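Let's walk through this one together, chain by chain and then across the contact between them. Keep the viewer open as you read.

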Amino acid sequence: MKLPPYAELLKLTVESHEDGAAPILAMPFESDVLGRPGFLHGGAIGGLLEMAAIVALHDALGNDDARVKPVNVTIDFMRGGREKTTRAQGIVTRLGTRVANVEAVAWQDDRDRPIAGARMNYLIARS
Amino acid sequence: MAGGPTATSDFDPARFFAARSDGHGRRLGIEYHDHGADWAELALPYKPDQIGDPERGVIASGPILTLMDMATSISAWLKRGMFAPQATLDLRIDYLRPATPHRTVIGRGECYRVTRSIAFVRGQAHDGDPDDPLAHVAGTFMLLDMPA
């Protein structure tokens with residue numbers, strides 16, 4: 001999928017990924033994603049998580065040209081995001097005909113020490 | 001309740017916004033709108049670089065998430081009557097409908113309870129009619145200046 005203008009605002013890039021797993025998105029540190037001094041803005045981390053989830057969902061849908069609409073998101077912030085590159089990856093936990101359940105995790109140096117995680121429900125609309 | 005600083009609060013969100021020079025909220029164009037003793041309203045004017053659905057010109061959910069994180073965060077400072085470090089523990093948003101293209105989104109955050117270490121917040125976002133909200137939010141902040 002082509003990333004939308006909002007992903008460009010966050011300066012997101014798509015990194016290579018293992019077969020079968022969703023693409024990893026990388027968000028460089030810039031003053032444009034800063035929150036309180038020294039820390040990433042929670043909204044930018046949330047935006048990254050949502051984009052990683054949407055990319056994972058489009059990846060799972062493949063050639064199916066369905067539209068996806070976000071119904072809700074719940075984000076847990078586990079550690080402060082520091083002034084460095086942040087990565088995120090989504091995983092589709094269930095892909096139904098009308099609803100998809102997607103999770104996403106964001107980390108910096110160590111994938112096993114996530115800075116935030118999200119759970120999302122998407123409505124799948126087919127015209 | 002009318003806006004403007006209250007007698008009980010030393011924290012003035014309008015001055016807080018005027019003083020900032022960079023950061024994610026400024027990059028998105030988020031502005032001060034109004035506030036009371038335990039609530040704040042911020043504005044997110046429509047900009048093409050917020051778009052998540054290019055076909056329809058609808059902004060992404062991320063900018064709304066940032067707007068609500070900031071509005072609820074400020075409501076906690078207002079209720080506490082001071083600016084102090086706090087970290088978002090969790091934030092849940094229901095996206096009730098897409099934002100209408102070209103309209104400014106108003107995000108209202110309210111802090112309805114503060115304990116020794118946690119601020120509980122909720123809020124809604126609309127794009128002109130408060131009775132036709134586009135998002136609903138609930139969340140908690142960890143107060144970093146207080147012992148757990």
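For which residues of chain B does UniProt list "domain: Thioesterase"? The unreviewed entry gives residues 57–131 of chain B; UniProt positions are in the numbering used here, feature names are shortened, and annotations may be inferred rather than shown by experiment. Over that stretch the chain is 27% helix and 41% strand, and the end C-alpha atoms are 23 Å apart.

A bit of housekeeping: this is a predicted model, in which local features need pLDDT of at least 70 and side-chain atom pairs count only at pLDDT 80 or more, while totals for chains, interfaces and linings use all residues. Residues are numbered from 1 along each chain as its sequence is written, and chains are lettered from A and ligands numbered from 1 in the order in which they are written.

Start with chain A, which has two helices and six strands; helices (H or I, at least four residues) and strands (E, at least two) are DSSP runs, numbered from the N terminus. Along the sequence, the pattern in chain A reads α-β-β-α-β-β-β-β. The C-alpha atoms of chain A fill a box of roughly 45 × 25 × 25 Å along the principal axes. Its radius of gyration is 14 Å, which agrees with the value near 14 Å for a compact globule of 127 residues; the radius is taken over C-alpha atoms, and the globule rule is 2.2 Å times the number of residues to the power 0.38. Of the 127 residues in chain A, 39% count as buried. Buried means that 20 or more other C-beta atoms lie within 10 Å of a residue's own, exposed means 12 or fewer, and partly exposed is in between, with C-beta atoms placed from the backbone. Among contacts in chain A with a separation of 6 or more, 62% link residues 24 or more positions apart; a contact here needs C-beta atoms, placed from the backbone, within 7 Å.

Now look at strand pairing in chain A, where two strands pair if DSSP finds at least two bridges between them. β3(A) and strand β6 (residues 116–125) of chain A run antiparallel over ten bridges, with A:Pro70 partnered by A:Tyr122 in β6(A). Strand β5 (residues 99–107) of chain A also pairs with β6(A) in the antiparallel sense, over eight bridges, and there A:Ala100 stands opposite A:Tyr122.

β3(A) also takes us across to chain B. Five bridges join β3(A) to strand β5 (residues 86–95) of chain B, and the two run antiparallel; the partner of A:Ile75 in β5(B) is B:Leu91. The contact as a whole takes 27 residues from chain A and 29 residues from chain B. On the chain A side, α1 (5–9), α2 (42–61) and β3 (67–77) each supply at least two residues, and β3(A) gives the largest share, eight residues. By class, that side of chain A has twelve nonpolar, ten polar and five charged residues. For the classes, Ala, Val, Leu, Ile, Met, Phe, Trp, Tyr, Cys and Pro count as nonpolar, Asp, Glu, Lys and Arg as charged, and the others, Gly among them, as polar.

Is B:Gln86 buried or exposed? B:Gln86 is buried, because 21 other C-beta atoms lie within 10 Å. Leaving aside neighbours within four places in sequence, the contacts of B:Gln86 include B:Ser73, B:Ala119 and B:Phe141.

Next comes strand β6 (residues 105–114) of chain B, where seven of ten residues are buried. On one pairing, six bridges join strand β2 (residues 39–44) of chain B to β6(B), running antiparallel, with B:Leu44 opposite B:Val105. β6(B) is also joined by eight bridges to strand β7 (residues 118–126) of chain B, again antiparallel, and a hairpin links β6(B) to β7(B) through three residues.

Finally, the largest nonpolar core has 71 residues, and those with the most contacts inside it are A:Leu48, A:Leu49, A:Ala52, A:Ala53 and B:Leu67. Such a core is a set of buried Ala, Val, Leu, Ile, Met, Phe, Trp, Tyr and Cys residues joined through C-beta atoms within 7 Å. The largest share of this core, eleven residues, comes from α2(A). Leaving out residues up to four places away in sequence, B:Leu67 touches residues including B:Leu44 and B:Val105.

How values were computed:
Contact = placed C-beta atoms within 7 Å.
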